[in-house]
Amino acid sequence: MEGFTINAIKLGLFTSATFMMISSSAVVQAKTEIEIYAHLIGLSHEYSGDEVIELRKLLESIDVKTGELKHTFDNNLEFKIKEFQESHDLNVSGVVDEDTIQTIIILLDAVNSKAIETVEQNELDVDADYVDKDFEEYQGSVIEDHLLEVETNESDTQEKHSNTESIEELNEDSEEFEKVDEIKTITKNDYQEFNSKTVTSASAAEKVTINQRELILRNGVYHQRVVTLKKNLAVLGFLVQGSYTDHYGPLTAEQVRAFQRSRGLAVTGEVTFNLEKQIEELATGPLRVGMYREDVVSFKKKLAVTGFFVSANPNTYFGPDTEKQLKAFQTKYGLNPDGIAGPITLDKLNQVSSGTLMEGMTDERVVSLKWGLATMGFPVSGSGNAHYGPLTAEQVRAFQNSVGLPATGIADPKTIEQLDQLANGNLQTGMYRKDVINLKLMLAEAGYFVSKNPNIYFGPQTSEKLRAFQKAYGLIANGMFDGATEEKLKEVSSQALKDGTYNERVIKLKEHLYILGYPVPGSFTNHYGPLTANQVRAFQVNYGLSPTGIADVNTLLKIAELAEGPLRFGMNRSDAIQLKLDLAKVGFEVSINPNEYFGAATEQSVRSFQKAYGLPITGIANQQTLDRLAQEISRQTTVYEFSMKERFGHGVGMTQWGAYGMALNGHNYSQILNHYYTNVSVGFDQQYVNQLIRVALGVQINTTTISSSTRYSIFDINGKTIASNITGTTTIQYGAGGSGAFVITNGNQTFESRDELSIRTDATGTVQYKGNYYLGEMRLLKSYVSTGNTTVKSNYVMDVVNVVDINDYLNGVVPYEMVPSWNQIEAFKAQAIASRTYALYRLRQTGNFDVYDDTRSQVYHGVPQGDRNNGLMRRSISETNGIVIKYNNRLIDAIYSASASGHSVDASYMWGNDVAYLRGVSDPYDVSRFNNVSTIYEINLTDLSKLGGFSSMNLGEVLNLEFTNQFERLINVNVTFERGSSSFTADEFRQIVGTNYLPSNIMSIRTK
């Protein structure tokens, strides 16, 4: 049966019927090889990945055409799979199951065997022109003898060979060929060399030793090195189908040629010793795209741990997806992003994936990390899962800051170790831990009350009480619950206070009893005697406690709660003095010599104050009463100081005074422009060299006068000469009576044209207009005017437009936008580039002009005169020729102003439109007076309450002001009144106070 199958393949008769006759050994072999393709099992419609490309290549190898080689398992591929399954009596599902893969492998081996046997048969039939008769007989007898021996022993090696294996594979098991170290394809020259050594049989050939460096692996060679070569080629993605035999057949040669093509080598299909070593070095070297190797699996898993996920089921293929994630990893950690897993990359990957936790990772250790963070007061919201997200990174960063570690947000081993030591160490301020509750209870028992409902938080109050306890008992008063403190606290809290007890806590108890009006006669000693017991009992009776006279935990807690709580009638406490003084400040005087007793008079003053300010009338100085009292005192004494700067310019984009200051401090033009314009690029662009720009010198006028330093000519817009080589002054009138005609008068000559005009001098001449001198061309164009919904050329008015080279234009702009005496070329260059970009941004294909010659665009006076004719400024323009500012590869609207008074603003703040590159930035280099405070104004809350804008609201007195500032400018003010609050814009607030007092919203505010 096996022989029939091989012959059928050789004859091209391999059909589905023949396929069904393949022996069980072929199936066994396929099941063994299926492990190679196990990762393809389960692929189905809509799956996308490198595995789909591998599947398509596999199908193409058995002549199943799948269309374009792409990652997606599309409809066409699903149809081909179903068609294949149906033709081979498989379950037709369109899903790549194990039976489908097994069938593909069997067919693939059969196709490969057929190709190899055909080539080998041709090799046996050597052309007579290539070898002589003796050589033919020698070569044929050797191969024939060995094939005969293999066929005889074939039944003994069925477990190793399928019926579709080639002669190459059978030879692998031949004892005769195993004995030969190196067998080379025998050419005629080889035979003659062998013949001189009287080689007459295959056994004699064993005696011939060929130096391995001289052996070129080529089609027809049998050698153990071929096995290694095939394995290395497979690793590099050039798989020779079939098992790894020692035969170098046509399939091997084809894959070698493919490799040579991929590396730009001579495509010979042969492997020299050096090429063999190159292949080996690549196959055993660092992982890179296209490789198939076992360690790719663990490599992908490590990438996933560090947050660079490739696949849920990583396989041995290093494809584009793996390369992409590796490059991302390398970029993040400052490595060369070459996509190759070299030693440096692997070291960093091992480091990151082992002891360090960071954002993007999912690791069970993160659960413990979050517990530690929560314990130390840096809780991560949400469930305590194993994911390390941005919230975790933020809290790690906060923890690192708190303990003086580099605030990276990465939980490196040092951070984890310190967090673990602290979270599991002594209790201290800021921690959240269950044993804090017991600490608070013991402190209360010891007379250091923290809370009647103790929780797990170790806050400042707990720390304060613990420190007081430590101080009282001679411990280090650090507020930390260390071993010595714990031992002492357990000792103290375990003892209830009762008659006959001598304990330091008794002193605190007596102090509390005194405060509450239950004084124990005598000094505050540590002795708990009958008098103390009587006062404790009296307290217990009044507060519904068991009247035992023993100071148990509940009694101590209640005494401490009241004694350290709000002042009330009958109490003796030092802070009663300050309460009386504060009441007097707001008109509720108790005594001119206040003491620490809270008696009836104090209680009445507290009641009166509470009534006057709408508080619950209890006579107890609770926190609400104290807060309102402090608020009223503040209202009467708080003064707001407003320090203001003058405004000079809109404050958007570059400031000229700031650019000057930056240049003085050594910054170049690129640094200046990148400071004021956000995320832009500054560079040369050839298209803007020698660019012409149209500048409006006069708009919608009737008459103008021009002259020139040289002879000049007047043409109509079509190039027709109207007046040639004239001198002197020329007057042009347009549209008299709506005629739509130009009347040109030069001396005693008069010309008329209904076409628009162009005035030109020679290359060095200038045209004088309104006292300025202009290079380039002067055009007189009919103005565009609106009539209803349309725009037409006017018959009445004209525009005077200077068409000039951009650099000549800048020579007339920069000296008038910046101060020539600044003498800072980097500032001048920044202005030149900003002005160039500003103008080019406004180039239009329509209309008569692009920009105005005044502050509606940029100030332009033609050829600079006097001190404005500055050589340093001309240099700044010529040396930046063609340099512009771009954002996302497009020119920006390079807005600028004189000063922003210390901080520029967003475009949206000024004009309402958000522009990505026009963001407010600090402008500390502005050396103008506008960056200095010019006005200071003070006002208190009492005076504010009297202002009409506030008093007319009928909300009572002004109690507080809250200011919102942005870009060092006042944005709005929230005003708190007695009976509500209201918000005002900066301008509204300034109007109420008075713009003569608050002339600018550029201000800083403080309270005095």
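Trainee: Which residue with a positive phi follows α25?
Mentor: G544, with phi near 70°. This is a predicted model, with local features needing pLDDT of at least 70, side-chain atom pairs counted only at pLDDT 80 or more, and totals for chains, interfaces and linings using all residues. Residues are numbered from 1 along each chain as its sequence is written, and side-chain values use heavy atoms, with hydrogens and water left out.

Trainee: How far apart are the end C-alpha atoms of α25?
Mentor: They are 18 Å apart. Helix α25 covers residues 530–542, and its 13 residues at 1.5 Å a residue should span 18 Å, so the two agree. The expected span is 1.5 Å times one less than the number of residues. Helices are DSSP runs of H or I, at least four residues, and strands are runs of E, at least two, numbered from the N terminus.

Trainee: Which residues of α25 are buried?
Mentor: T532, A533, Q535, V536, F539 and Q540. Buried means under 20% relative accessible area, exposed over 50%, partly exposed in between (1.4 Å probe, protein chains only).

Trainee: And what's exposed on the face turned away?
Mentor: V541 and N542.

Trainee: Switching to strands: how many bridges join β10 to β15?
Mentor: Five, and the strands run antiparallel. Y712 stands opposite T761. Pairing requires at least two DSSP bridges between strands.
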